[in-house]
Amino acid sequence: MTNILAEAATQLGSISGSIQGGLGCLGAAVGVALVGMKTVEAAGRNPGAFGKIMVLGILGMALAEAVAFYALFLGK
Amino acid sequence: MTHKQVGKFFKVSVVAALIQSATASTACASEVKGERIFDILGLPVTNSMLTTWIFTLVIILLFRLLILRGAKLVPSAGQQIIEAIVDSMRSIFEPLMGKKAFSGAFPLLLGFFSYILIMNWSGLLPGVGSVGEEQIAHVSAATAAQYQAEGFKASESAGEMTKFIPYLRPANTDLNTTLALAIISFSAWIYFVGRGVGLKGFIKDTFGNKADPKDIAKPIYLSLFAVFFAVGCIDLISIAMRLLSLSFRLFGNSFGGEILLENMYRLAGELPQWISWIIPLPFFLLEMLIGLIQAFLFALLTAVYIGLLTGMGHEEQHE
């Protein structure tokens with residue numbers, strides 16, 4: 001494991017390109033986190049509606065997550 | 001692949017794959033498409049197709065075995081499992097889609113769910129992705145880059161590159177499979193929307209002016225037609241992008257999961273053998289969760305896309 005870390009450290013200078021992939025994944029991560037936060041808040045306010053809220057939460061997370069895949073696969 | 005000078009050697013990683021206790025080594029290829037294994041009547045058969053056939057058979061046999069003696073009023077244990085799945089799916093999808101479209105599309109949604117679930121979980125079994133053969137290509141300096149682009153790696157001896165080709169590759173790590181699923185979902189959307197609201201209803205819903213003329217002044221109401229038309233054009237683009245997002249989401253999640261497992265497995269290789277299984281273990285649980293969520297999500301998104309147009313009565317509270 002230490003070998004791999006050392007190898008990664010020596011190759012830091014050769015980072016290049018794929019900035020759009022990193023930024024896209026960052027945006028998707030923030031989006032998923034926001035959806036998750038609000039879903040938990042909503043479930044806390046109204047525990048009876050947990051099932052409906054969970055479906056909406058998963059849906060919102062999926063739509064936010066799709067941005068990461070656009071950035072990874074469509075960007076060059 | 002066969003038109004090139006490639007020798008094949010059976011790789012005895014069977015024993016290794018079975019001995020490495022709970023962990024299935026996922027020697028996953030770094031390619032988007034599956035690798036060709038053999039031909040049937042001139043048509044190439046890839047390793048992901050082979051996995052699809054085997055595990056489709058497993059699904060059919062499993063469901064047959066669970067309801068072996070036919071459905072009864074007092075359900076057997078197996079029938080109860082199936083009924084629980086169907087009932088919970090029904091309670092989620094029915095309010096989204098409206099009764100009419102739901103009764104038509106429900107078998108398709110259940111099919112999506114069970115198919116994708118089994119295909120996702122099949123990647124975690126030992127033997128899937130870890131039993132295969134090693135291809136050795138004799139390369140020169142000129143063709144090395146071409147082979148490297150196909151996933152070949154340099155081996156110890158000079159002038160040779162090797163590539164590990166598993167006999168079974170999880171079906172959803174092949175972009176062809178997920179694209180096919182997305183096309184089926186999209187065709188179903190066209191069919192059910194066409195049957196439910198028709199072309200006229202679709203155009204009215206996409207481009208039509210949704211403002212109430214009693215509420216606002218006439219010039220503003222007329223100018224809103226242009227706004228709603230522009231929104232409709234953006235809507236059309238996003239509908240076309242559904243094909244991409246459905247296939248990429250499923251492919252990216254399962255392919256990324258395979259690579260994650262492989263890397264964790266490699267990280268664990270430096271630890272002593274008796275403890276090394278502990279590093280990939282949490283990620284196997286994560287992959288089981290992700291496989292379930294993605295299978296559910298594919299069915300859910302198909303239902304929502306259809307339901308946005310057919311489930312008018314329930315649309316407001318969900319949007």
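Which residue forms a salt bridge with Glu262(B)? The partner is Arg266(B), and the closest N and O atoms of the pair are 2.9 Å apart. A salt bridge here is a side-chain nitrogen of Lys or Arg within 4 Å of a carboxyl oxygen of Asp or Glu.

The model is predicted, with pLDDT of at least 70 needed for local features and 80 or more for side-chain atom pairs, while totals for chains, interfaces and linings use all residues. Residues are numbered from 1 along each chain as its sequence is written, chains are lettered from A and ligands numbered from 1 in the order in which they are written, and side-chain values use heavy atoms, without hydrogens and water.

Over all chains, a search of the whole structure gives three salt bridges. Side chains of opposite charge can pair when their charged atoms come close.

Glu262(B) and Arg266(B) are four residues apart in helix α8 (residues 218–268) of chain B, so about one helical turn separates them. Helices are DSSP runs of H or I with at least four residues, numbered from the N terminus. Glu262(B) has 18% relative accessibility and counts as buried (under 20% relative accessible area; exposed is over 50%, partly exposed in between, with a 1.4 Å probe and protein chains only).

Chain B also holds the salt bridge between Lys99(B) and Glu94(B), with 4.0 Å between the closest N and O atoms. Lys99(B) is exposed at 65%, whereas Glu94(B) is partly exposed at 23%.

In chain A, Lys38(A) and Glu41(A) form a salt bridge at 3.4 Å, N to O. Both residues belong to helix α2 (residues 19–45), three residues apart, about one turn of the helix. Lys38(A) is partly exposed at 49% relative accessibility, and Glu41(A) is partly exposed at 37%.

Technical notes. Helices (H or I, at least four residues) and strands (E, at least two) are DSSP runs, numbered from the N terminus.
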